[in-house]
Amino acid sequence: MSIRLALAGNPNCGKTTMFNDLTGATQYVGNWPGVTVEKKEGRWKADKEIRITDLPGIYSLSPYTLEEVVARDYLVGEKPDAIMDLVDASNIERNLYLTTQLLEMGIPVVVALNMMDIVEKRGDVIDVKKLSSLLGVPVVETAAVKGKGTKELVEAAKKAVSAGKLPPQHEFPENIEKALQQITDMIAGVTEESQRRWYAVKLFERDQKVMARFQFSVDTQAKLEAIISAVEEELDDDAESIITDARYQYIGGIVKACVKKKKTGMTVSDKIDHIVTNRILALPIFALVMFIVYYVSVTTVGTILTDWANDGVFGDGWHLAGYGAGAYEEAGSEYETQTAYRDAWLAAAEEGGVDVSAITEQLEAEEPDADVLAGATAALAADASAADIVGTAAFEDEETGTVTEEAVDFGMFETAMAAEEPDPANYGIWVPGIPVLLEGALGGLGIADWLYSLIMDGIIAGVGAVLGFVPQILVLFIFLALLEDCGYMARVAFIMDRIFRKFGLSGKSFIPMLIGTGCGVPGVMASRTIEQERDRRMTIMTTTFVPCGAKLPIIALIAGALFDNAGWVAFSAYVIGVLAIIVSGIMLKKFRMFAGEPAPFVMELPAYHTPTLVNVLRSMWERGWSFIKKAGTIILLSTIVLWFLQSYGWENGAFGAVENIDNCILAGIGNALAPIFAPLGWASWQNVVATVTGWIAKENVVATFGQTYGFAEVAEDGVEIWANLQASFTAVSAYSFMCFNLLCAPCFAAMGAIKREMNNAKWTCFAIGYMMVFAYAVALMVYQFGGLLTGELSFGVGTIAAVIVLALMIYLLVRKPAKADGAEGLRKMSVQA
Ligand SMILES: Nc1nc2c(ncn2[C@@H]2O[C@H](COP(=O)(O)OP(=O)(O)OP(=O)(O)O)[C@@H](O)[C@H]2O)c(=O)[nH]1
Ligand SMILES: [Mg+2]
C-alpha cells in the first residue's frame, strides 16, 4: 500500500533539500525564502511505495500569495497520510507557529528539527524529548544538507501513519475554546471529524476562502458572527489576532521549557550584513560582485575554456593536456614569419615589374598546387630581373607595438617558398576536433552530398556553435549557485528593495529577476510570491529582460568579435537588463492598470552559510544539462530546418540546392524583414534571421550565425566567424544588435511560462509586444546616438526617430503617476494547473 507524505514548513527551512535527499530528485534549492512555488512529487529512494510531496514554504495556513494557496490546498484538499513538518531549529519560535496550525488539520504529524547542525554549532541545546511530549507528536533531529536523520524521519512518519493517531489538540484560553466548541457543533454535520477543529479555527478567524466552502443560511451566518464578535469584544481585539496571540503564548511556553540558548553577541552573519547591506556600500558591492561574475565567466576562465571547446572540440582539434601545444605554436609563428617574407618579396617584385602572377594565382587558390609553385619559383631564379628585387617585411611587437622592418632578398624568398605549414598532429598528442573526425568518417562512408552537407553545414555548424559555449555557461552557473546558496542573493533582494521602492516598485520583483539570471522560465514562475496582481503582471513582463544563461553566448560572441573581449561588455549587458526592468517599472507605473503603491516587502534574511559542494555542482549541472538538452532537441530541429531553408532556393529560375547562398529561401525571408531592422544598424539577412530564430531559443542566435557563416569550415578556409561578424557589424551596430536580442521577446519556453502565469491571451500578447517595442526603442537609440558619436552615421530621419523615442521615454519617466485603481490591484489571478 502506498503512503503519501507531505513536506511542509516555513520558507527556507530545508524542505527541498530534504526532498532531494529522500527521493534523489534535483529540485532547485536556494538560500532564501520562496524558492519552491509549486508542489513536487517523488518517491522515497529506500521504498518506492512511499510517495513524498515537496510543498512551497508557508508561514501560516492563511494564504496570501499563490504559492501559499498551493501548499494549503494540498494539505486540506488532498489530505496526505502524514505531514512531515520541517522546523528550522535555529529559528524555532517562529517556525513552531505553523506547527501549531498543522497539528489541527486532522492528519498525523511528525516534526523534523532541521538545521540541527547550525544549532549545535551555535552551542544552543534543544530538549527533543520534552518538545515531543509537549507537542504530543514524534520529533526527529535532522540536518538535511548532510543527509542526517532523514531516514529516521520517514520511518517515524511511516509509524505515525500505521498508528493512525492524530496529534492531541492544544487548548486555547477558555473563552476562545468555548466559541470554537460552538462553531464545531455548527459544522458537525458537514465536515469530517478529523478536520472539524481546523475548520472551526479558520471560521473563527473569518478566513474568506474557508467561509466560501460552506453554504451558511443567513441565520447561521448571523449566529457565527455573534459568536466571534462576543469574543472579540471580550478581549478587545480582532479574531485573527486573538488566535495568533494565543498561539504565540503557547509556543513561548514550549520554547522556554525546551530550548537553552547560548548568549552571543553579534553573529558572523550580522557582521557581514553590516557591510554588504550598508546604505552606501551595498550597491557598489553588488555591482562589483556581478562584474566579477561576468568578467570571469565571459572574459577570462570562461573564454579559455570556450576557445578550447570552439576551436578544439568543435573545430580543428586540440593538444591533449596542452602537450605539444608550445612546440606547435613556435613552429606556427616561424611559418608566419616565412609567409611574411614571401608576401613582402612578392609585393616588391610586382612593383618592380617582375611577373609573379603564376605564384600569386596559386597562392590565392583554395588548394595551391605545390609542383606548380616550385616550378614557378625555379623559373624566377632564372630571371635576372628578379635577383635584384628586395622587399621589406614589417613585424609588429604585440606587447610594445614597435614595428621592426627586415629586408627580404631573393634567397630568403626562395627559403620562404619552401617552408611548409606545420601540422598540429605532428606535435605532442593531438586530438582531432569533432568536425574533422566526422568529416573523415562521413567521407569514408560515401554518403550522399546533401546528407553530408546537412550534417556538416547544418547540425555541426549550428549545434556545435552552441555547445562550444557550454564551458562559459557552466562557469556562470557555478557563480550563481555559490551566490544563491551562501545567502548573498537574499541580501541583494533586500538592497534592491530600497532602490525599487523609491520608484514605487517592490523588491519582490527582484527575486524573479535573480532566478532569471539562470533561466527565464523559473524566473517568471517565481513571480507567484507577489501578492498584488498588477505588480505580478509587471514583473512577469519584465523578468526576462535580465540576461539568462542562453543569452550568454550572444554576449560572449559580440564581446569577442567586436570588442576585443573587453570585460565591460558582458557586465554592461547585465546592467542594461536591470535598468530595463527599473525603467519599465517606472514607466508602466504611470498607467492606471499598474498604478499604486507596492505591497510592503518583508523577507527575513537567512543566515549565511558555506555553500555545499554537492549543492553547487548539482545546481550547475542541472541548469547546464538543460542547456545541453536543448541543444539536442529544439536547437537541433531548428538547425535542420534552417539548413534546408539555407541550402535550397530559386536560382536561375529553378528550385533546388543553391550555389550562391544569397539566393536561398532563408536569405529571401531575412531580406524581406531587413528593412524593419535597418534603423537599428544591422539589416543583413543573416543578422535578421539570427534574431528571428532567437525567439525559438536564444541559443539559436549563435547557432544561426554558425550555420549562415559556415562555422564548420572555419578550420579549412581560415575565415573565422569573428571575421564575418566584423564585416557585418560595426561596434555600435553590434551593441545595438546585442541590446535588441537581450531585451526582445524571450524564447518559446519563456513565452509559454508568461502565458501560463498571465493565464490570459490579451495580457500575454501585451507583455510580448511591450518587450519587442522596448527592445526596438533601446536598440534604435544605441545605434542612432552611438552612430552619431562615432561618425558612422549622419543626422537623418533615424536620428529624429531616436530623439522622439528618447523624449517619450523621459516624459513617461518623469510624468506624475496615475491614480491607483484600489480594488483591482488586489484581486488574485488564477493559475492554470
Ligand atoms: N546548515 C544547514 N543548511 C541547510 C539544511 N537544510 C537545508 N539547508 C540550506 O537551507 C537553504 C534552503 O534550503 P531549501 O531546501 O531550498 O529550503 P525550502 O524549505 O525548500 O525553501 P522554500 O522552497 O523557499 O520554501 C539551502 O541553502 C540549503 O542548503 C541543514 O540541515 N543544515
Ligand atoms: Mg523548496
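Helix H1 (15-23) and helix H4 (116-122) each contribute at least two residues to the shell around ligand 1; helices (H or I, at least four residues) and strands (E, at least two) are DSSP runs, numbered from the N terminus. The structure is a predicted model, in which local features need pLDDT of at least 70 and side-chain atom pairs count only at pLDDT 80 or more, while totals for chains, interfaces and linings use all residues. Residues are numbered from 1 along each chain as its sequence is written, and chains are lettered from A and ligands numbered from 1 in the order in which they are written.

In total, 27 residues surround ligand 1, a residue being near a molecule if its C-beta atom, placed from the backbone, lies within 6 Å of it. The closest are Gly-14, Thr-16, Thr-17, Thr-36 and Gly-57. H1 provides the largest share of this shell, with 3 residues. By class, the shell consists of 11 nonpolar, 13 polar and 3 charged residues. Here Ala, Val, Leu, Ile, Met, Phe, Trp, Tyr, Cys and Pro count as nonpolar, Asp, Glu, Lys and Arg as charged, and the others, Gly among them, as polar.

## Overall architecture

The chain holds 40 helices and 14 strands. Its C-alpha atoms occupy a box of roughly 120 × 60 × 55 Å, taken along the principal axes. Of the 833 residues, 43% are buried; a residue is buried if 20 or more other C-beta atoms lie within 10 Å of its own, exposed if 12 or fewer, and partly exposed in between, with C-beta atoms placed from the backbone. Among the contacts with a separation of 6 or more, 71% join residues 24 or more positions apart. Two residues are in contact if their C-beta atoms, placed from the backbone, lie within 7 Å.

Three domains are assigned: domain 1 (3-163), domain 2 (325-426) and domain 3 (472-603 + 611-648 + 656-818), with bounds that come from an automatic or database domain assignment. The centres of domain 1 and domain 3, taken over C-alpha atoms, are 38 Å apart. Between these two domains, 14 residues of domain 1 are in contact with 19 residues of domain 3. The side of domain 1 that touches domain 3 comprises 8 nonpolar, 5 polar and 1 charged residues.

## Packing of H27 and H28

Two packed helices are described by the angle between their axes and the distance between the axes. For helix H27 (residues 552-562) and helix H28 (residues 567-588), the axes come within 9 Å and cross at roughly 145°. Axes are lines fitted to C-alpha atoms, for helices over the stretch in contact, and angles run from 0 to 180 degrees between N-to-C directions.

The crossing of H27 and H28 is right-handed; a crossing has this hand if the near helix is turned clockwise from the far one by less than a right angle, and is left-handed if anticlockwise. Ile-555, Ile-558 and Ala-559 of H27 meet Val-569, Ala-570 and Ala-573 of H28. This contact comprises 6 nonpolar residues, with no polar and no charged ones.

## Buried sites

Gly-516 belongs to helix H24 (residues 510-516). This glycine is buried because 28 other C-beta atoms lie within 10 Å. Beyond neighbours within four places in sequence, the contacts of Gly-516 are Gly-523, Thr-543, Thr-544, Val-546 and Cys-548.

Helix H26 (residues 533-542) is mostly covered, with 9 of its 10 residues buried. The buried residues of H26 include Arg-534, Asp-535, Arg-536 and Arg-537.

Lys-79 has a phi near 35°, a positive value in a residue other than glycine. Its place is in the loop between helix H2 (66-78) and strand S4 (82-88), and with 16 other C-beta atoms within 10 Å Lys-79 is partly exposed. Asp-236, also not a glycine, has a positive phi of about 55°. Asp-236 lies in the loop between helix H10 (218-235) and helix H11 (239-258) and is exposed, with 7 other C-beta atoms within 10 Å.

Arg-206 is located in the loop between helix H8 (193-204) and helix H9 (208-211) and counts as partly exposed, because it has 14 C-beta neighbours inside 10 Å. Outside four places in sequence, Arg-206 is in contact with Met-211, Ile-228 and Ala-239. Its C-alpha atom is 71 Å from that of Trp-450, 244 residues away along the chain. Val-289, in helix H13 (residues 282-299), is 55 Å from Asp-369, C-alpha to C-alpha, at 80 residues apart in sequence.
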